[in-house]
Amino acid sequence: MTAKFKGQSFRIKVRVSTSPDVYTAVAGFRSDSMTLNNEAIDVTDKDGTLWKTLLEGAGVQSISLKGSGIVTDAAVFKTTLMGAAIGKTFVHCKLESGLGDTFVGDFLITSLERGGEYNKEETFSCTFDSAAAITYTAAV
């Protein structure tokens with residue numbers, strides 16, 4: 001039988017204090033996602049086999065995190081997300097998956113959207129892009 005994992009266990013967390021590092025889930029996220037980007041370096045030339053040839057181990061790596069949901073914790077939302085987005089400062093994030101692996105590092109909030117409709121909750125979505133090397137820890 002193939003194991004299944006709850007989407008609720010896939011969480012973007014932000015560091016709220018250090019010594020020791022303490023992370024809290026971004027309040028109100030209903031959806032979290034991660035994209036690992038590998039920029040390819042094409043070294044195809046006329047002397048090759050006419051198949052595209054990529055240079056192994058080269059290119060730029062980055063991670064993008066995305067989340068959307070409802071505003072539930074005004075203090076964390078305003079202080080952490082809005083403050084970092086407006087100030088263009090890095091947010092130290094941890095992505096935890098239901099598989100038990102983690103990605104940790106500094107991210108810049110490259111987009112933050114807020115919205116609201118009459119007689120409904122306030123919603124938001126944001127994108128975090130990695131700002132330096134990210135530490136990956138595989139599940140044991």
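1. Cys93 is buried, at a relative accessible area of 0%; buried means under 20% relative accessible area, exposed over 50%, and partly exposed in between (1.4 Å probe, protein chains only). Cys126 also counts as buried, with 2% relative accessibility.

2. This is a predicted model, in which local features need pLDDT of at least 70 and side-chain atom pairs count only at pLDDT 80 or more, while totals for chains, interfaces and linings use all residues. Residues are numbered from 1 along each chain as its sequence is written, and side-chain values use heavy atoms, with hydrogens and water left out.

3. There are 0 disulfides in the structure, a disulfide being a pair of cysteine sulfur atoms within 2.5 Å. For Cys93 the closest cysteine sulfur is that of Cys126, and the separation of 8.4 Å is too far for a bond. Cys126 is accordingly in no disulfide.

4. Strands here are DSSP runs of E with at least two residues, and helices are runs of H or I with at least four, numbered from the N terminus. Two strands pair if DSSP finds at least two bridges between them. Strand β1 (residues 11-17) runs antiparallel to strand β5 (residues 90-96), with 4 bridges; Lys13 has Lys94 as its bridge partner in β5.

5. β1 is also joined to strand β2 (residues 22-25) by 4 bridges, again antiparallel. Ser17 is bridged to Val22 of β2. The two strands form a hairpin with 4 residues between them, and Ser19 in the turn has a positive phi of about 55 degrees.

6. Thr102, in strand β6 (residues 102-116), is buried at 17% relative accessibility. Leaving aside residues up to four places away in sequence, Thr102 touches Lys94, Leu95, Glu96, Thr135, Tyr136 and Thr137, where contact means heavy atoms within 4.5 Å.
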